[in-house]
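Hello,

Here is the structure I promised to hand over. My notes follow below it.

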Amino acid sequence: MENIDIEKVAINDIDQLQKIGRQTFYETFSESNTEENMESYLENGFSTDKLKTELNDKNAEFYFAKIDEKIIGYLKLNFGQSQTELKDDKALEIERIYVLKEFHGKKVGQVLYEKAMQIAEDRKVNYVWLGVWEENPRAIRFYQKNGFVEFDKHIFRLGDDEQTDIMMKKFL
């Protein structure tokens with residue numbers, strides 16, 4: 001695999017973030033969900049206003065994975081009160097690691113994951129946690145391989161569909 005560069009996303013990168021966010025989410029989940037629910041989530045979850053709020057949040061960070069300046073994936077981390085569930089100051093949440101389908105199996109997700117773990121170490125958190133859809137065995141295996149264990153479940157709404165996410169954590 002060529003060199004993968006990791007770059008922090010800035011507010012002026014919002015259009016590129018919206019594009020990669022929508023594309024990777026669609027590639028990952030469109031086969032398992034209705035077109036209506038996908039459209040609703042992509043419209044709301046990746047709206048310019050929502051992304052602007054997230055990019056301006058001091059307790060959230062986004063990173064692009066790039067090869068030759070082409071964005072091929074991204075990472076979203078949450079700290080403190082910006083975490084979606086636990087809101088533990090001694091924890092870091094990996095909210096998203098998404099990679100373009102054509103780059104699956106090429107270690108891009110692993111590089112983004114390692115960036116998250118480096119940040120967790122730098123911030124001296126006690127553990128890293130995340131939620132992963134119970135019907136995404138590829139992602140579950142990825143996190144298990146990296147030492148995460150299941151500790152709970154929660155509901156994720158995709159349009160009008162309530163889906164179960166497995167919550168996983170790794171102590172550092």
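Strand 3 (residues 70-79) and strand 4 (residues 91-99) pair antiparallel, over 7 bridges. Pairing here requires at least two DSSP bridges between the strands. Strands are DSSP E runs of at least two residues, helices H or I runs of at least four, both numbered from the N terminus. Leucine 75 sits opposite isoleucine 97 of strand 4.

Caveats: this is a predicted model, where local features need pLDDT of at least 70 and side-chain atom pairs pLDDT 80 or more, while totals for chains, interfaces and linings use all residues. Residues are numbered from 1 along each chain as its sequence is written, and side-chain values use heavy atoms, without hydrogens or water.

The sheet is open and mixed, with 7 strands in the order 1-2-3-4-5-7-6. Strand 1 (5-8) and strand 6 (149-158) are the edges; each has a single partner strand, so one side of each lacks a neighbour in the sheet. The twist averages 30° from one strand to the next. Angles run from 0 to 180 degrees between N-to-C directions of axes fitted to C-alpha atoms, for helices over the stretch in contact.

Helix 3 (residues 48-55) packs on the sheet. Helix 3 touches strand 2 (60-67), strand 3 and strand 4, with contact meaning heavy atoms within 4.5 Å. The directions of helix 3 and strand 2 make about 105°.

Now asparagine 146, in the loop between helix 5 (137-145) and strand 6. Its relative accessibility is 11%, so asparagine 146 counts as buried (under 20%; exposed is over 50%, partly exposed in between; 1.4 Å probe, protein chains only). Beyond residues up to four places away in sequence, asparagine 146 touches Gln110, Tyr113 and Lys170.

Best wishes
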